[in-house]
Amino acid sequence: MSPVQRMRTFPRARASLIGAALLAALWISSFALSHWLAPLERHCPLGRDLLRPDQTVCELAFGGLWVSLSLGVAAGALSTILGLLLAVAARSAGRAVDRWSMRLADAFFSLPDVLVLMVVQFAGQTLSDLDPRFRVSPPLLMVLSLAIVGWSGPARMLRNRLETLEQEDFVRAAKALGAGRLHLIRRHLWPGLREYTGAIFLSRVPAAVLAESTVSFFGIARMEPMSLGRYLGTSYSSLLYPSGARIVLPAWGMLVVLVLAASLAGRQVQWPRRG
Amino acid sequence: MVPIVALASYFLMAALPLSTEDESKRQLPPELVASYRRDLGMGEPLGFLRPWKKLFAGQRLGTSAQGITGDELLTKISGSVAVGLVALALALVWAFAYALLRLRTRLSRLSPLSDLLPALAFGTPVFIPALLLAPYAAERGHLIPELAAALVISWWPGVLLGSLITAALTSELTRDYVRTAIGKGLPRSATLRRHVIPNVVPAVLDSIGPVATALLAGSFAAERVLGLPYFGQLYVMAVLQKQVAVVVVATTAFAAILVAVAIAVELLRWLIDPRSRASAPS
């Protein structure tokens with residue numbers, strides 16, 4: 001079946017491809033406009049920002065889009081990797097470690113992202129400000145915070161997936177033939193886990209973008225350059241002015257499209273098997 | 001979970017270097033840092049109980065201007081819980097409306113629109129609709145800001161619940177017992193009321209925990225934007241002003257609320273669903 005036929009036959013695959021394409025287009029366009037095509041932004045039809053008259057709305061909105069998207073992708077990747085490592089370690093270490101680590105993951109998962117992110121940001125900023133050994137840039141601190149917040153969901157899902165795969169006959173046969181744990185993971189389990197890991201990564205991106213935008217909106221995260229959330233947080237008072245909507249609505253629209261694209265992309269990355 | 005959260009947040013806050021010898025980096029005056037260390041009971045045996053002892057003794061935790069007493073904390077929590085309960089009721093209204101829309105448009109051209117709604121709802125952070133309502137609702141009194149907060153918080157959880165109700169209804173409506181009931185002459189409305197909905201309710205109850213978490217977390221942004229002086233606003237201001245003891249207590253209180261919600265849902269499920277009573281160990 002050709003890729004075009006797959007897209008016609010499987011609507012979910014079509015939706016995820018559209019989402020992934022939209023995500024890539026947003027990333028490329030925001031990067032290009034913020035870094036290479038900055039002079040174009042000076043001629044923004046939306047005019048200048050009311051609180052920062054030396055910058056146009058386009059500069060701030062597209063710059064914020066690039067920052068939010070980059071943070072979301074980096075944090076989604078890191079939390080997925082952490083979750084995967086923990087899932088593999090838990091399944092390899094034995095039943096007691098597996099059970100207790102998943103209980104810890106469940107307890108962590110039940111806490112809201114925004115709450116834990118605020119506490120971690122607070123601790124990280126205080127440490128970074130006052131102890132030179134722990135100094136990190138705000139974007140890196142945000143990525144690390146989002147990864148600390150977001151590891152539990154992927155860990156749980158990947159652990160369950162590993163458990164299912166380990167019950168398959170081909171894995172049992174490999175074990176019976178004397179395959180070691182590393183060989184099993186690399187040759188037999190990882191091919192079955194790969195696409196699922198990709199889908200989980202794409203599902204973490206919108207969650208990371210939303211959590212970062214909410215915390216930046218509160219002013220707790222000191223994102224420089226500004227993310228979309230921080231831009232909205234510092235600009236929402238513009239709504240009190242007659243022309244304030246031109247400042248807030250584009251950033252809002254970009255945030256919604258970004259999260260929508262990431263949600264669509266994460267719907268189903270797994271293609272159906274051939275034959 | 002509550003003791004783990006209490007201890008983890010305490011030791012994390014206690015480990016923070018709130019003071020430094022470098023004048024240019026000092027963010028807090030020394031007397032304020034000393035006050036925070038007293039609040040956390042640092043250097044005392046069982047110091048992690050100190051914030052709670054102060055709270056239960058009716059003393060003010062944190063600085064005199066921005067701190068909080070036990071009574072104030074309870075008042076703020078009740079305010080947020082009340083807004084959350086109204087939001088939950090609104091979420092159920094959205095849920096049933098969305099479920100009806102999904103069932104009606106399932107096979108029509110409007111189906112992609114109803115598929116798009118969950119993504120739109122998930123993709124809109126709470127503070128955005130709150131910002132749009134703020135000029136009309138903030139500081140109006142007569143509980144208008146509270147209603148506005150409940151409205152904006154309830155949207156995404158409502159759509160989520162609606163998706164779950166739709167899936168559960170679609171599954172139950174194809175069951176044999178429904179065909180049998182209709183075949184025996186029972187009106188459709190009676191079939192829904194007596195047979196289908198009681199089987200859908202447990203699925204809804206299972207999702208109340210995550211919905212409650214989303215409602216409480218959403219209240220942080222809504223209260224901040226609409227200027228409501230409740231728990232969400234308290235938490236955000238405590239973090240911004242580095243009120244470490246208040247952060248410890250508020251984090252633990254939040255975890256306790258979530259646990260209370262989970263217990264309430266389990267009790268409700270035990271009362272409503274005879275299968276959970278039958279499956280319980282004797």
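What follows is a short tour of the model, topic by topic.

This is a predicted model, in which local features need pLDDT of at least 70, side-chain atom pairs count only at pLDDT 80 or more, and totals for chains, interfaces and linings use all residues. Residues are numbered from 1 along each chain as its sequence is written, while chains are lettered from A and ligands numbered from 1 in the order in which they are written.

**Confidence**

- pLDDT is the predictor's confidence in each residue, from 0 to 100; its mean for chain A is 80, and 88% of the residues of chain A reach 70 or more.
- Residues 269–275 of chain A have pLDDT below 50, and beyond near neighbours in sequence this stretch has eleven contacts in the model. Two residues are in contact if their C-beta atoms, placed from the backbone, lie within 7 Å.

**Chain B as a whole**

- Chain B has 13 helices and zero strands. Helices (H or I, at least four residues) and strands (E, at least two) are DSSP runs, numbered from the N terminus.
- Of the 282 residues in chain B, 39% are buried. A residue is buried if 20 or more other C-beta atoms lie within 10 Å of its own, exposed if 12 or fewer, and partly exposed in between, with C-beta atoms placed from the backbone.
- Among contacts in chain B between residues at least 6 apart in sequence, 70% join residues at least 24 apart.

**Where the chains meet**

- The contact takes 34 residues from chain A and 34 residues from chain B.
- On the side of chain A that touches chain B, at least two residues each come from helix 5 (95–110), helix 6 (113–130), helix 10 (181–218) and helix 12 (245–265) of chain A.
- Helix 6 of chain A gives the most to that side, with ten residues.
- The residues of this side of chain A divide into 26 nonpolar, six polar and two charged. Here Ala, Val, Leu, Ile, Met, Phe, Trp, Tyr, Cys and Pro count as nonpolar, Asp, Glu, Lys and Arg as charged, and the others, Gly among them, as polar.

**The largest nonpolar core**

- A nonpolar core is a set of buried Ala, Val, Leu, Ile, Met, Phe, Trp, Tyr and Cys residues joined through C-beta atoms within 7 Å.
- The largest one has 146 residues, of which A:Leu258 and B:Ala130 touch the most other members.
- Helix 4 (residues 57–93) of chain A gives the most to this core, with 17 residues.
- Not counting residues up to four places away in sequence, B:Ala130 touches B:Val152, B:Ala221, B:Ala222, B:Val225 and B:Leu226.

- Helix 12 of chain A is largely enclosed by the rest of the structure, because 15 of its 21 residues are buried.
- In helix 8 of chain A, the buried residues include A:Ser152, A:Met157 and A:Leu162. Among the elements covering the buried residues of this helix are helix 4 and helix 7 (138–150) of chain A.
- Helix 8 (residues 176–183) of chain B is hardly covered, as the count of buried residues among its eight residues is zero. Just after this helix, B:Gly185 takes a positive phi of about 100°.

**A closer look at B:Leu234**

- B:Leu234 lies in helix 11 (residues 231–240) of chain B.
- Is B:Leu234 buried or exposed? B:Leu234 is buried, because 25 other C-beta atoms lie within 10 Å.
- B:Leu234 touches B:Ile68, B:Lys76 and B:Ala250, not counting residues up to four places away in sequence.
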